[in-house]
Amino acid sequence: PGLADIDPAAVLATASGWRAEVEARADGKHPRWVEERLSERGRAFAGAAGWPDTYSMTKAIGEMLLLRESTKTTIVRPSIVESALRQPRPGWLEGFKVADPLIIAYASRGLTHLPGRADNPIDLVPVDCVANACVDAAAHPAPERTRVISVTSSARNPLTLGELAGHTRAYFRRHPLVGRDGREIRIGELRFTSRAR
C-alpha cells in the first residue's frame with residue numbers, strides 16, 4: 001500500500017490480528033520470540049507502506065487518527081528531544097533514552113564504532129524548547145484548519161554526527177567516567193562505518 005492508502009484503524013486491527021496469530025504459533029515459546037516475530041512483521045509493513053521505520057509509522061498513524069476527530073488541531077513535531085538548555089537546569093533530562101545510551105556507551109568505551117557518516121546531520125532539540133513550543137501552541141489556538149509546528153534545530157544550528165562525537169569526546173576527556181576498578185576511563189575517537197559493515 002501507499003501512504004495515501006493507509007487506514008489507521010485497519011493498521012491497528014491488522015496489528016492485533018498479527019499478535020493473535022503469532023501467539024497461537026508460539027506454543028510455549030519465550031515471550032521474546034513473540035515480540036521478535038511481531039517486530040519483524042511491523043518493520044516489513046512499515047517499509048512496504050513507505051515509512052523508514054515503525055516509530056515513524058506509529059507517529060503518523062497517531063496523527064491520522066487525531067485528524068479524523070478534529071480539523072482544528074495543532075500538532076507539535078519535535079526532532080530528537082534531549083537534555084534541557086536552561087530549564088529546570090542546563091543538562092537536565094528525565095530518564096535515559098534516545099541518544100543518551102549511545103553517549104554513555106561511547107564514554108565508557110563500550111561503543112567504538114557507529115554506523116553512519118561523520119558528516120550526516122543529526123537534529124537534537126532541548127526538552128525545554130519543546131515544552132515551550134507546546135505551551136506557546138496552547139496559548140495560541142489553531143485556526144480552523146490543522147497546524148503543524150516543527151521543533152527542530154538543523155536550520156539554525158546544524159549539527160553532524162561527527163561534531164556530536166567530538167563534543168562528547170571533549171567533555172568526557174575533561175570529565176571522564178570512572179570504571180569499576182576506580183580508574184578513569186579514557187575514550188578514543190569514535191569511528192564511523194557503513195551500515196553493511
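Predicted model: local features only at pLDDT ≥ 70, side-chain atom pairs only at ≥ 80, totals over all residues.

Me: What share of the residues in the protein is buried?
Reply: A residue counts as buried when its relative accessible area is under 20%. The protein has 197 residues, and the buried share of them is 28%.

Me: Which elements give two or more residues to the largest nonpolar core?
Reply: The largest nonpolar core has nine residues: Tyr 106, Ala 107, Leu 111, Leu 114, Ala 165, Phe 172, Ile 185, Ile 187 and Leu 190. The elements that supply two or more of these residues are α4 (100-107) and α6 (161-174).

Me: With which residues is Leu 111 in contact, leaving aside its neighbours within four places in sequence?
Reply: Leu 111 belongs to the largest nonpolar core, and Tyr 106 and Leu 190 are also among the residues of that core. With neighbours within four places in sequence left aside, the contacts of Leu 111 are Leu 102, Ala 105, Tyr 106 and Leu 190.

Me: Is Glu 63 buried or exposed?
Reply: Glu 63 lies in helix α3 (residues 54-69). The cut-off for buried is under 20% relative accessible area. Glu 63 has a relative accessible area of 15%, so this residue is buried.

Me: Which residue forms a salt bridge with Glu 63?
Reply: Not counting residues up to four places away in sequence, Glu 63 touches Ile 75 and Arg 77. A salt bridge needs a side-chain nitrogen of Lys or Arg within 4 Å of a carboxyl oxygen of Asp or Glu. The closest N and O atoms of the pair are 2.6 Å apart, and the partner of Glu 63 is Arg 77.

Me: How far from Asp 128 is the nearest side chain of opposite charge?
Reply: Asp 128 lies in helix α5 (residues 127-139). Its relative accessible area is 10%, so Asp 128 is buried. Asp 128 has no salt bridge. The nearest side chain of opposite charge is that of Arg 86, at a distance of 5.9 Å.

Me: Which residue has the backbone nitrogen that the side chain of Asp 128 reaches at 2.8 Å?
Reply: Leaving aside neighbours within four places in sequence, Asp 128 is in contact with Ala 84, Leu 85, Arg 86 and Gln 87. One of these, Leu 85, is 43 residues from Asp 128 along the chain, with the two C-alpha atoms separated by 6.6 Å. The backbone nitrogen reached by the side chain of Asp 128 at 2.8 Å belongs to Leu 85.

Me: What N to O distance is found in the salt bridge of Arg 186 and Glu 184?
Reply: Arg 186 is partly exposed, with a relative accessible area of 47%. Glu 184 is partly exposed, with a relative accessible area of 47%. Their side chains meet in a salt bridge with an N to O distance of 2.8 Å.

Terms used: Residues numbered from 1 in each chain as written. Heavy atoms only, no water. Core = buried A, V, L, I, M, F, W, Y, C linked by side-chain atoms within 4.5 Å. Buried < 20%, exposed > 50% of the residue type's maximum accessible area, 1.4 Å probe, protein only. Helix = DSSP H or I, 4+ residues; strand = E, 2+ residues; numbered from the N terminus. Contact = heavy atoms within 4.5 Å. Lys, Arg positive; Asp, Glu negative; His and termini not counted. Polar contact = N/O pair within 3.5 Å; in protein donor to acceptor, adjacent residues only side chain to side chain.
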